[in-house]
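This report examines the pairing of charged side chains. Side chains of opposite charge can pair when their charged atoms come close.

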Amino acid sequence: MEIINPFEEDLDKPVFSTTPVFEVRNRKTKLIASGNYFDIDGRILFVTAGHVFTNHGKNGLFVANNKSEKIYLNESKKYIFASQYAKEPGGDDDQMDIGVIPLFNVNKSTIPQNIININDIYTKPEVDINYQAVMLGFPYGLKIDEHRKIIDCPMFIYNTTFVHKPSPQFTNASSDFNYLIKYKRRDIDHLGNKKTTPKPQGISGGGLWVKNGNKDKWKIIGIPIEYHNNHSQILVTRADQLISGFRSIIADYSTNFDN
């Protein structure tokens, strides 16, 4: 995996937790989103944005394991977290928009990414706006080596800040479920070079991570679900609001589908 603009050497946990999500349509492979693996009470869940399932769920969705083999997501039971007043799950007015697939039968050793556990989730009710915050995802599209049949997606690390005044697109965002962040249209990478920040299409389902000072550890605080490029703002679903839902999914799946 190529990382276009690493900011710091201690970003290993966030960087190696996020994975690209692909779709096969008309025999062509397309990058459509990002996602993360969570270990909740010993059970593996794959988490991305809910609209990934509602918009692409009928096609061949897959992620890759550590042998570049495809793990197809369409064959698995899907769960979507939607806000109470959303007209439809994953729609423009959905403040949560989170999709979850239990992967109970997947061997952890075949997952190339770091698996996020409960201790990696930021659970404090408030966040200091001065915390370091980075968002990770795959906005560049994909490169396919047709000779070696290797699919590669460059990752981009967005240097972000928290904002409290939403753009018109996000006026229905709720502080109970969401964070709003702003990214720079031009940024400086670790070599001191100015980079044009890519439009964050493809970062839905990625990760927003925060850290308080050099001695603190990075923790995932949210899942990006929607962006507004004109205002450089991104709507993020709070990770701490998902933990109880994750456990409900595990209980339901264990009872009804896990034979």
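## Salt bridges and basis of the values

The count comes to 3 salt bridges, a salt bridge being a side-chain nitrogen of Lys or Arg within 4 Å of a carboxyl oxygen of Asp or Glu. The model is predicted: local features need pLDDT of at least 70, side-chain atom pairs count only at pLDDT 80 or more, and totals for chains, interfaces and linings use all residues. Residues are numbered from 1 along each chain as its sequence is written, and side-chain values use heavy atoms, with hydrogens and water left out.

## Asp39 and Lys108

In the salt bridge between Asp39 and Lys108, the closest N and O atoms are 2.9 Å apart. Because Asp39 belongs to strand S2 (residues 28-40) and Lys108 to the loop between strand S7 (98-102) and strand S8 (116-117), the pair ties together parts 69 residues apart in sequence. Helices (H or I, at least four residues) and strands (E, at least two) are DSSP runs, numbered from the N terminus.

Asp39 is buried at 17% relative accessibility, whereas Lys108 is partly exposed at 40%. Buried denotes under 20% relative accessible area, exposed over 50%, and partly exposed in between (1.4 Å probe, protein chains only).

## Arg247 and Asp41

Arg247 and Asp41 form a salt bridge whose closest N and O atoms lie 2.8 Å apart. This pair links distant parts of the chain, 206 residues apart: Arg247 is in helix H3 (residues 243-256) and Asp41 in the loop between S2 and strand S3 (43-49). Arg247 is partly exposed, at 40%, while Asp41 is exposed, at 53%.

## Arg238 and Asp240

Arg238 forms a salt bridge with Asp240, with 2.8 Å between the closest N and O atoms. Arg238 is buried, with a relative accessible area of 8%, and Asp240 is buried at 16%.
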